[in-house]
Amino acid sequence: MKTVYVAMSADFIHPGHINIIGEAKKLGEVIVGLLTDEAIATYKRLPVLNYNQRKRIVESIVGVKIVIPQETLDYTPNLRKLKPNYVVHGTDWRSGVQQNVRKKVIAVLNEWGGKLIEPESTPNLSTDQLIRDSLGIGTTPEARIKKLRKLLELKSIVRILEAHNGLGGLIIEKTKLLENDAVREFDGMWISSLTDSTAKGKPDTGCVDVTSRMQTINDILEVTTKPIIVDGDNGGLTEHFVFTVKTLERHGISAIIIEDKIGAKRNSLFGTDVEQTQDSIEAFSEKINAGKQAQATQDFMIFARIESLILKKGIDDALKRASAYIKAGADGIMIHSKEKEPKEIIEFCSKFKKMETIVPLVVVPSTYNQMTEEELIDAGVSIVIYANQLLRSAYPAMVKTAESILKNHRCKEASEHFCMPIKDIITLIPGGK
Ligand code: SPV
Ligand code: MG
């Protein structure tokens, strides 16, 4: 009996899968290489169903002999192990994201004279299209809130970018880049107090209240499906914080990060240039604990943000606080630094790794921005937040346009040099016609 290898994610089973398995069955015994959750999350997107759920479905398809895990998008390790006579895949991978994976499959099969068989793909049916359609439908608070925990479980680093309006949210939702056969995209959004207030023309001093922040959040929620982390400043009074937790949770926000400071709110990146006071370990622990007691689900997370490095209190103080905040119930720790060099962050991370209880570690590399995600992973970081880049890039572009109109007494030059075409802007958001 010949052996036939078919790889799939099988997250959205459709008749196309059944056709491929039907064709494979005609050639011999069908082995399905089912992409693991980690593989789907790393190379594609967050899977909707987990591996065991998908395995049960695929195993029950007529013609499937056995289902084994495929741990990368690359078929090579499984193919070399199994040396199948055939690999079967629809023609749709001849172009687009998977064309290099396909080339590699052909080359590896050649090593033992195996053959690639490509039945015509079922027209108008692809998982990607099904996912795009479901994006149009949107998501529910319950489904969205869980996504951050799932990402933390499956990805070596969760990549978050700041959004301060619906358009920014859409950019984060949709921007994708193909690199080494994998799709790179952002995993979720950060609702920064700095950019939310700056976009409203106000300083980052807490003068934009929770109600106004919720309006921004709602605009973003309406047009996106990815998980959201909210910058909660210091959470306010403990008796108010519990209401903020409930409000965010009800809206499907996955996490809030609160910082251990008290008194007049000043942005951390001012460091010691302005007066900033750190909260006591006891009072801040109590706030974390009250927040954890207030949430209605197991899904919502409260991250404690430690300002010891910002306030020049040293790494030992930061570690002592991390340990206390974790004991108080913090689901994660954010360590902040405004140094240009990552030395203190790296030292904190290496000592944090050795702590008794480990929770996800979050960093915001706005100043030590030379650090790559790979280096952050090595340091033990679980979430990287790019906290302000969309606003910081939009602002100079807008100023340039305004100056060009003043300079030229007309908008022709600005239109030609700095603006997207009118046709593109009116159709930028589908559904406007
Ligand atoms: C924000 O984005 O509002 C933050 C991060 O809190 S920072 O501005 O670096 O303090
Ligand atoms: Mg902030």
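Q: At what angle do helix α12 and helix α13 pack?
A: Keep in mind that this is a predicted model. Two packed helices get described by the angle between their axes and the distance between those axes. Here α12 covers residues 281-294 and α13 covers residues 315-327, and their axes sit 9 Å apart. The angle between the two is about 35°.

Q: Is the crossing of α12 and α13 left-handed or right-handed?
A: A crossing counts as right-handed if the near helix is turned clockwise from the far one by less than a right angle. The way α12 passes α13 is right-handed.

Q: How many nonpolar residues are in the contact of α12 with α13?
A: On the α12 side, the contact uses I281, F284, S285 and I288, while α13 brings in K320, R321, A324 and Y325. Sort them by class and you get two charged residues and one polar one. The nonpolar count is five.

Q: Which residue has a polar side-chain atom 2.8 Å from an oxygen atom of ligand 1?
A: Ligand 1 has W190, S192 and N267 among its surrounding residues. A polar side-chain atom of W190 is 3.1 Å from a ligand oxygen, and one of N267 is 2.9 Å from a ligand oxygen. The 2.8 Å value belongs to S192.

Q: What percentage of the area that ligand 1 exposes when taken alone does the protein bury?
A: The residues around ligand 1 include L194, D231, R305, H336 and A387. Taken alone, ligand 1 exposes 290 Å². Of that area, the protein buries 100%.

Notes
Residues are numbered from 1 along each chain as its sequence is written. Chains are lettered from A and ligands numbered from 1 in the order in which they are written. This is a predicted model: local features need pLDDT of at least 70, side-chain atom pairs count only at pLDDT 80 or more; totals for chains, interfaces and linings use all residues. Side-chain values use heavy atoms; hydrogens and water are left out. Axes are lines fitted to C-alpha atoms, for helices over the stretch in contact, and angles run from 0 to 180 degrees between N-to-C directions. Helices (H or I, at least four residues) and strands (E, at least two) are DSSP runs, numbered from the N terminus. Contact means heavy atoms within 4.5 Å. Ala, Val, Leu, Ile, Met, Phe, Trp, Tyr, Cys and Pro count as nonpolar, Asp, Glu, Lys and Arg as charged, and the others, Gly among them, as polar. A residue is near a molecule or strand if one of its heavy atoms lies within 4 Å of it. A polar contact is a pair of N or O atoms within 3.5 Å; within protein, one must be able to donate a hydrogen and the other to accept it, and residues adjacent in sequence count only if both atoms are side-chain atoms. Accessible areas come from the Shrake-Rupley method with a 1.4 Å probe; for residues, only the protein chains shown count as cover.
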